[in-house]
Amino acid sequence: MALYSCRLLTFAFLGWLLVKLATAEFGEHSCFFAGALEPTQGGVEILIFFYADTRHTNTFFSSDIKKPGTGAGTRPTILSAEAVYCKALRPNFECFLGYDAAPMKVLGLETSCDETGVAVFDPDRGLLAQALHSQIDLHKVYGGVVPEIASRDHIRRLLPLIRKVLRDAGMERPDAVAYTAGPGLVGALMVGSGLANGLGLAWSCPVIPIHHMEGHLLAPMLEEDAPVYPFLALLVSGGHTLLVAVKGLGLYDVLGSTLDDAVGEAFDKTAKLLGLDYPGGPALAVLAENGDPQAYAFPRPMLKRPGLDFSFSGLKTAVMLQVKKSAEEGNTDRVRADIAASFQCAAIDTLVTRSIQAAKQTNLDRIVVAGGVGANLHLREQLAERFDGRVYYPRPEFCTDNGAMIAIAGALRLSDGSEPATIHATARWPLETLIPPGSANPA
Ligand code: KG4
Ligand code: ZN
C-alpha cells in the first residue's frame, strides 16, 4: 500500500500489476509504488484501488485492472474493481449505501498513532472480539513515535488483525466498518481510512468515520455499569488534555484544553529526562511509587487563573531544572523516584482540581475519565478522594488506544442513523465541531 503526497491513496497488494500500472500511468510518480510493494513481501490477496481526492490531475486507472493476476503461489482477488474504477473518475468520491437502523455488528479500526486496534462490537451482545498490536518496540529506539514507521506497520498489521478478529467473533464480515478518521498522524490515519473504505466497498456496507477522542470518551460505554448522559469527560492522552461537557452523542462543549503540552506528553517527556523508556507515562508512574510526592514543590500551572485550561510546559521546565541540578550534585539516581512522584503529584493535582472546578461550574455529578493517562492509579485515587460524584473509567486496556472504542462509537452513531461514508483522514479535528448522528457529516 502507498500513501501518495497528492492525496491519492492506493492499496497495493499485487506486485506485477502495480509495476505495470506504474510505468503506464504514473510516469515520474511511479516511484511511490516501490513503497507500496515493500510491505507485501510477495504475498498478495486483495487489490483495492480508490481515489481520495480528485484534484490531482495525473491519475486515472486503466480498466484492465479488473483482470486478476496470478503471481507465483498467490491467487489474488480484485474486489469490486470495476465499481472502484468508476468511482475513481468521480470527483469527491462518496459511496452512498442503503442500510436500515437494525442493530449492526460493527468492525472498528484504530490506526491514529502507534497502536493497531481492531474489534467487533454487537449492540445486542456487546464486544465480540478485539485485538491490538502495539508498535512500542519499533519506536522505542527513537524515543518517540516515528510517523513513517507507524504508517508502514499499520499496513502490515491491519489485515491480519481484521481476519483474526472476524474469526474470533465467528463471522465472515461485519454489517458496518468504523475507523478513526482523526485527529492523529495523517499517514497512519490514511491506512485505517483507506482500508475501511475499501472494505466498505467490497462488502457493500456502511463506513463510519470516527473522531478518536469521541472514541475515548465513549469507551466506558463498553462496561456493564456505563455512564448516562450528561457527564463531564476528562480526556487525557498523549496528544490531548480536554475537559468536555457531554450532553449527548455528538453534543460536546469543550470547557478547557491544554495551551501547550498534553498531560501524557508531559509524562513522556519527564520520563525521558529521568532516563525511562518510551512511552514513559506508565514507567514514571511505577518509579513514582517509591518516591516522596512532597519532596519537590513543582508548580501547578494555571490553577490560580480563571477558566478551565491547562498548561504543562512550566511544570516540565521545573522538572528539567531539578534533574539538571541533581545531576550536577551527583545524586540523580537517589532522587529520581522523588522527582517522578513530585511531578506526578503536581500533574494529577492539576487535572483533579480543574475537573472538580468544571463539574461544579456545569453542575455535573458524573465524570468520565478516558485516554491513556486515565490508567494512572494516582489520578484514580485522587478523584475518588476529592470528587463527590461518580467517576467512570473504561477497563485499563481500553484507556489507551484500541479498536473497541471505535467499534462502539461506530455502533452508537449507526443506530441513530449514519451519514454516507466519505474518506476522511484529518490530522487536526476539534472535538467540538462534531454533531449528533443524522446531521450533516462533520469532517
Ligand atoms: O490514549 P493513548 O493510548 O494515546 C493517545 O491517543 O495519545 O495515550 C497514551 C499516553 C502516553 O503519553 C502514555 O505515557 C500515557 O498515555 N499513559 C500514562 C499511563 N499509561 C499511559 N500516563 C500516566 N500514567 C499511566 N499509568
Ligand atoms: Zn488515544
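This is a predicted model: local features need pLDDT of at least 70, side-chain atom pairs count only at pLDDT 80 or more; totals for chains, interfaces and linings use all residues.
**Overall make-up**

The chain has 443 residues, and 50% of them are buried. Its secondary structure consists of 13 helices and 16 strands. When contacts between residues at least 6 apart in sequence are considered, 74% of them join residues at least 24 apart.

**Helices α10 and α11**

Two packed helices are described by the angle between their axes and the distance between the axes. For α10 (residues 313-329) and α11, the axes come within 10 Å and cross at roughly 170°. An angle over 145 degrees counts as roughly antiparallel, and α10 and α11 are therefore roughly antiparallel to each other. On the α10 side the contact is made by Leu315, Val319, Gln322, Val323, Ser326 and Ala327. The α11 side contributes Thr332, Val335, Ile339, Phe343, Ala346 and Ala347. Sorted by class, the residues of this contact between α10 and α11 are nine nonpolar and three polar, with no charged residues.

**The shell around ligand 1**

There are 19 residues around ligand 1, and those that come nearest are Gly238, Gly264, Gly281, Gly372 and Thr400. The elements giving two or more residues to this shell are α8 and α9. The largest share, four residues, comes from α9. By class, the shell around ligand 1 holds ten polar, seven nonpolar and two charged residues. Domain 2 (106-219 + 400-433) and domain 3 (224-393) each supply at least three residues to the shell around ligand 1.

**Backbone features**

Most residues other than glycine have a negative phi, and most peptide bonds are trans.

| Site | Feature | Angle |
|---|---|---|
| Gly182 and Pro183 | cis peptide bond | omega about -15° |
| Tyr278 and Pro279 | cis peptide bond | omega about -10° |
| Ser204 | positive phi, not a glycine | phi about 50° |
| Asn363 | positive phi, not a glycine | phi near 60° |

Pro183 sits in the loop between β9 (176-182) and α6 (186-203). Ser204 belongs to the loop that runs between α6 and β10 (207-211). The C-beta neighbours of Ser204 inside 10 Å number 13, so Ser204 counts as partly exposed.

Pro279 is placed in the loop between α8 (263-273) and α9 (280-288). Both of these helices, α8 and α9, are among the elements that give two or more residues to the shell around ligand 1.

Asn363 lies in the loop between α11 (332-362) and β14 (366-370). Asn363 is exposed because it has 9 other C-beta atoms within 10 Å, and a residue with 12 or fewer is classed as exposed.

**Arg395**

Arg395 is located in the loop between β15 (390-392) and α13 (403-415). With 13 other C-beta atoms within 10 Å, Arg395 is partly exposed. From C-alpha to C-alpha, Arg395 and Ala375 are 8.5 Å apart in space, while 20 residues separate them in sequence.

Conventions:
Residues are numbered from 1 along each chain as its sequence is written. Chains are lettered from A and ligands numbered from 1 in the order in which they are written. A residue is buried if 20 or more other C-beta atoms lie within 10 Å of its own, exposed if 12 or fewer, and partly exposed in between; C-beta atoms are placed from the backbone. A residue is near a molecule or strand if its C-beta atom, placed from the backbone, lies within 6 Å of it. Ala, Val, Leu, Ile, Met, Phe, Trp, Tyr, Cys and Pro count as nonpolar, Asp, Glu, Lys and Arg as charged, and the others, Gly among them, as polar. Domain bounds come from an automatic or database domain assignment. Axes are lines fitted to C-alpha atoms, for helices over the stretch in contact, and angles run from 0 to 180 degrees between N-to-C directions. Angles under 35 degrees count as roughly parallel, over 145 as roughly antiparallel, 65 to 115 as roughly perpendicular and the rest as oblique. Two residues are in contact if their C-beta atoms, placed from the backbone, lie within 7 Å.
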